[in-house]
Amino acid sequence: FGSSVMSSGMGVGEKDNVKTQLQSMNKGKLNGSFKLDLWNPGVQIVAYDKRLASYVQTIGGGKKDKVVATQSLFLIWEVLFDLGLSEPRSWSFVFSLCLALVCWEVRVQVHYIAGFAFLSLVNRPIYSLGIGWYRWGIKYSPVATTTASEIGMLCAGPCAVFVAWLTVAFLLFLVDRLAKVDRITYRVVGLLGVLSALDWPLIMLVDLASLEFFRCAPASDPDPITNRALLKAAAESCTAESYRLWFYFQMNEGNGSIAPVFVVIVYLGLLAVFGVVLYTYFLNVHEEGRILDLYRRLTAKEGAQFLPHDCEVSPGELTEILHKCERWRGRNGGYRKLMVTELHLDYMGEDGEVVGGDKSLTHMAIYTVPRLNGAKGPKQLHRHFLRLQDGALVELIGDEVQFMVSRSVMTAVEKTVSEALGDGGEFIRQSKAAVAAAAQATRTMSSESKKLQSSKGGAAGCHSKNFTSNFNSVVGFGSTKAR
């Protein structure tokens, strides 16, 4: 697009100047004596194309070995943006931090409630229970437990928190199918999901920050009996979950070196499962799959995405319009009627022969039929629609229709409406006058923009004329003849 604008709107000397400036900009040879003309329309368009191409390449990955990394980076940045954490100097960031603190507190309470419930379920004696806002102190003896109980205690808290978040996310998914969900709700659920997936690292971080992890280190004594007594006392006073398994193996097996291996395997396994589920949520459920949709739109090839017409309506909307017109009644018994006309197209080949088309266009016009003194008055066109060959339903309104169908088709439509109205071709004359007025307005706007650019050196409106000329050159549908 930038090349077409440059080629159509610049002279040879101007294009050479732009080319020289861009080459100097790319090679870093700009100095004080050579200034880049940033107001030049060609430079602006090419620079915009370069930024857009760079952004799409960053997202899609210019090389195969960087595709996964760039996709993950794009997902992370989009998640941070949706959670309000992408701009630290904004009020949205402060608000997200407040929501994160609330989600943090919910996660802590659910985690320790699940641990306490698990110990009660397996009938393990609890010496003391200290409830706090950032951690709980649950003290119980590791002598009366088993390996399965200790591993279950490691998994109870993180699994309970994640299952609770998963339930909330599933309810959000169901509600989203029935009604519109606010973005704040998605933000809260997303923050809670991130904190739930990182539950055990956060618990361990709090244990380290509060020095509870270091208080679990037992004192040593040469006497085996005294050493075991010190070990038991340290085990009964320790409240760090990741340390509990070491006490169990040390007291029952005589060697706790295997405990860190169990802890790492269990926690990394949970983190992997939680990460996959959270990734799936953000990709497909969060804000109705906005991130995945945006990624596909940015990386899709030209023509792969569906792009509706500006005046296109859905079949449901058209049905509702027809039902309203059917029920409408005017003063003195006026009503509206629908007239459907099939427009068959004949295409002219390269040799000049007329080739019949196998598809047709359907014109649907709604007319208002008033009643004057008990008799039918002259018809008035209310609205009219056209079903294109690809099945799209467009409303024929304004001057945008000339960019969707050929002039011969519009001539056939205008003739059909004029015959239905019985106005002797007045509708055709009005349509041509509207198209001419729109073209004149476009030319006036282009000339005014050009004057503004030349007088102030600005870039405002400098692309209007070039854009109009290039757009008119690519929207042609070939030579058609309607019958």
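E287 forms a salt bridge with R290, with the closest N and O atoms 3.4 Å apart; a salt bridge here is a side-chain nitrogen of Lys or Arg within 4 Å of a carboxyl oxygen of Asp or Glu. R290 is partly exposed, with a relative accessible area of 23%, where buried means under 20% relative accessible area, exposed over 50%, and partly exposed in between (1.4 Å probe, protein chains only). Salt bridges that share partners join E78, D82, R183, E287 and R290 into one network.

The model is predicted: local features need pLDDT of at least 70, side-chain atom pairs count only at pLDDT 80 or more, and totals for chains, interfaces and linings use all residues. Residues are numbered from 1 along each chain as its sequence is written, and side-chain values use heavy atoms, with hydrogens and water left out.

**Salt bridges**

- By the rule stated above, the count comes to 10 salt bridges.
- The side chains of E287 and R183 also meet in a salt bridge, at 3.1 Å from N to O.
- E287 lies in the loop between α12 and α13 and R183 in helix α7, so this pair ties together parts that are 104 residues apart in sequence.
- E287 is buried, with a relative accessible area of 12%, whereas R183 is partly exposed at 47%.
- R135 forms a salt bridge with D207, the closest N and O atoms being 3.0 Å apart.
- This pair links distant parts of the chain, with R135 in the loop between β1 (126-130) and β2 (137-140) and D207 in helix α8, 72 residues apart.
- Both partners are buried: R135 has a relative accessibility of 8%, and D207 has a relative accessible area of 2%.

**Overall composition**

- The secondary structure of the chain comes to 17 helices and 10 strands; helices (H or I, at least four residues) and strands (E, at least two) are DSSP runs, numbered from the N terminus.
- Of the 483 residues in the chain, 36% are buried.
- Among contacts (heavy atoms within 4.5 Å) between residues at least 6 apart in sequence, 61% join residues at least 24 apart.
- The accessible surface comes to about 28,400 Å², of which 62% belongs to carbon and sulfur atoms; accessible areas come from the Shrake-Rupley method with a 1.4 Å probe, and for residues only the protein chains shown count as cover.

**Helix packing**

- In helix α8 (residues 199-209), the buried residues are D199, W200, L202, I203, V206 and D207.
- These residues cover an arc of only 160 degrees around the axis, which puts them on the same side of α8; the arc is that of the directions from the helix axis to the C-beta atoms.
- L205 and A209 are exposed on the other side of α8.
- The packing partners of the buried α8 residues are α5 (91-121), α6 (147-178), α7 (183-197), α9 (212-215), α11 (241-252) and α12 (259-284).
- Helix α13 (residues 290-299) has I291, L292 and Y295 as its buried residues.
- They cover an arc of only 95 degrees around the axis, which puts them on the same side of α13.
- L191 is found in helix α7 and is buried, with a relative accessible area of 5%.
- Not counting residues up to four places away in sequence, L191 touches L83, L85, S96, L99, A100 and C103.
- L191 and D82 are 109 residues apart in sequence and 9.9 Å apart in space, C-alpha to C-alpha.

**Hairpin and backbone angles**

- Strands β8 (residues 380-387) and β9 (residues 393-395) pair in the antiparallel sense over three bridges; two strands pair if DSSP finds at least two bridges between them.
- F385 has E395 in β9 as its bridge partner.
- The two strands form a hairpin with five residues between them, and G391 in the turn has a positive phi of about 95 degrees.
- E288 is not a glycine, yet has a positive phi of about 60 degrees; E288 is placed in the loop between α12 and α13 and is partly exposed at 47% relative accessibility.
- N332, also not a glycine, has a positive phi of about 65 degrees; N332 is found in the loop between α14 (315-327) and β4 (335-348) and is exposed at 56% relative accessibility.
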